[in-house]
Amino acid sequence: SVKVLEDVTGEEFVLFMKILSGLKSLQTVSGRQQLVELVAEQADLEQTFNPSDPDCVDRLLQCTRQAVPLFSKNVHSTKFVTYFCEHVLPNLSSLTTPVEGLDIQLEVLKLLAEMSSFCGDMEKLESNLKKLFDKLLEYMPLPPEEAENGENAGSEEPKLQFSYVECLLYSFHQLGRKLPDFLTAKLNAEKLKDFKIRLQYFARGLQVYIRQLRLALQGKTGEALKTEENKIKVVALKITNNINVLIKDLFHIPPSYKSTVTLSWKPVQKADASQKRASEDTTSSSPPKKASAGPKRDARQIYNPPSGKYSSNLGSFSYEQRGGFRGGRGRGWGGRGNRSRGRIY
């Protein structure tokens with residue numbers, strides 16, 4: 001397969017991954033691990049990341065999308081999560097994309113959130129957790145200053161960007177449980193106080209939106225919930241509820257990382273043993289057992305591979321693409337001439 005992948009475009013890579021992922025011999029733990037390593041090589045994770053190069057960003061995201069459904073408790077996402085924390089997050093505001101209308105920052109944060117659930121032991125955990133924490137702070141504003149009479153001193157109320165915060169807070173929650181004393185022993189008292197003020201302010205705004213959304217959806221069932229407007233409200237309610245649960249965890253003394261939430265863009269799956277991957281219970285050399293009826297292994301995949309050139313329809317539905325759920329804010333990789341070293345260009 002490596003030889004075949006020496007000269008492919010982005011679209012061809014998606015097709016090859018779909019074919020390879022469907023092979024029985026690659027549905028074991030070791031098989032999926034081999035596929036992850038193959039995708040990591042194509043993603044050029046050893047190379048310097050250039051956020052201003054649309055092709056570089058495009059290649060990384062497309063490869064990561066192919067890797068996400070392969071991750072599990074036995075096939076870790078550590079290499080990808082580390083790369084996103086060290087190279088992509090610090091350059092989040094500089095990312096460029098050839099896809100018109102795509103919120104590239106939200107796409108990156110969604111992928112990071114998806115992968116964080118399956119991250120193994122990370123070599124530079126504290127350093128990368130700090131990068132994630134600092135990025136989270138950027139989207140969790142301090143409350144506006146108040147005048148002596150208790151009214152707003154004139155500064156405009158900051159916009160609460162719920163979709164971004166859900167992704168970042170979830171990722172921080174997943175990695176934070178690996179270093180549970182990060183918010184206590186690793187931060188000084190002043191920084192922790194600042195963070196809790198931000199959490200408290202965000203939580204107050206959150207409660208307002210949750211009440212508004214519940215009121216707007218009250219009494220609506222069946223067909224009424226299928227309108228575009230109400231679909232957005234339903235998922236918006238999922239986003240705000242998720243953030244609410246995660247914030248409550250962090251307000252514990254010491255902070256807790258025990259709560260479990262389902263990311264707003266993912267389908268809720270029942271905790272049924274028959275739905276677990278059969279390959280988790282097999283050895284790398286034995287064929288996978290036949291699973292009971294239930295969601296297929298790739299049901300967790302967020303993104304549907306594009307059938308043609310990249311377009312604004314690429315990826316899952318994004319609220320920021322259509323105006324944004326904020327509390328108040330087609331092409332392949334070929335044609336560059338350099339096709340050496342088995343990479344995608």
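In this predicted model, the axes of helix α6 (residues 125–138) and helix α7 come within 10 Å and cross at roughly 155 degrees. The axes are lines fitted to C-alpha atoms, for helices over the stretch in contact, with angles running from 0 to 180 degrees between N-to-C directions. Helices here are DSSP runs (H or I, at least four residues), numbered from the N terminus. Because angles over 145 degrees count as roughly antiparallel, α6 and α7 are roughly antiparallel to each other. The crossing of α6 past α7 is left-handed, a label used if the near helix is turned anticlockwise from the far one by less than a right angle.

On the α6 side, the contact (heavy atoms within 4.5 Å) is made by L125, L129, L132, F133, K135 and L136. From α7 come V165, L168, L169, S171, F172, L175 and G176. By class, this contact has 10 nonpolar, two polar and one charged residues, where Ala, Val, Leu, Ile, Met, Phe, Trp, Tyr, Cys and Pro count as nonpolar, Asp, Glu, Lys and Arg as charged, and the others, Gly among them, as polar.

Now to the aromatic rings. Rings of Phe, Tyr and Trp (its six-membered ring) pair if their centres lie within 6.5 Å; planes under 30 degrees apart count as stacked, over 60 as edge-to-face and the rest as tilted. The count comes to nine aromatic pairs. With ring centres 6.2 Å apart and planes at 85 degrees, F49 and Y83 are edge-to-face. This pair links distant parts of the chain, 34 residues apart: F49 sits in the loop between α2 (29–42) and α3 (54–67), and Y83 in helix α4 (residues 78–88). F49 is buried at 8% relative accessible area and Y83 is buried at 6%, buried meaning under 20% (1.4 Å probe, protein chains only).

F162 and F202 also form an edge-to-face pair, 5.5 Å centre to centre with 80 degrees between the planes. F162 lies in helix α7 (residues 162–176) and F202 in helix α8 (residues 189–217), so the pair ties together parts 40 residues apart in sequence. Both F162 and F202 are buried. Elsewhere, ring pairs link F133, F172, F182 and F195 into a cluster.

Back at F49, a neighbour deserves a look: C56 of helix α3 touches F49 and N50, not counting residues up to four places away in sequence. C56 is buried, at 10% relative accessibility.

Residues are numbered from 1 along each chain as its sequence is written. Local features need pLDDT of at least 70, side-chain atom pairs count only at pLDDT 80 or more, and totals for chains, interfaces and linings use all residues, while side-chain values use heavy atoms, leaving out hydrogens and water.

Technical notes: Helices (H or I, at least four residues) and strands (E, at least two) are DSSP runs, numbered from the N terminus. Buried means under 20% relative accessible area, exposed over 50%, partly exposed in between (1.4 Å probe, protein chains only). Angles under 35 degrees count as roughly parallel, over 145 as roughly antiparallel, 65 to 115 as roughly perpendicular and the rest as oblique.
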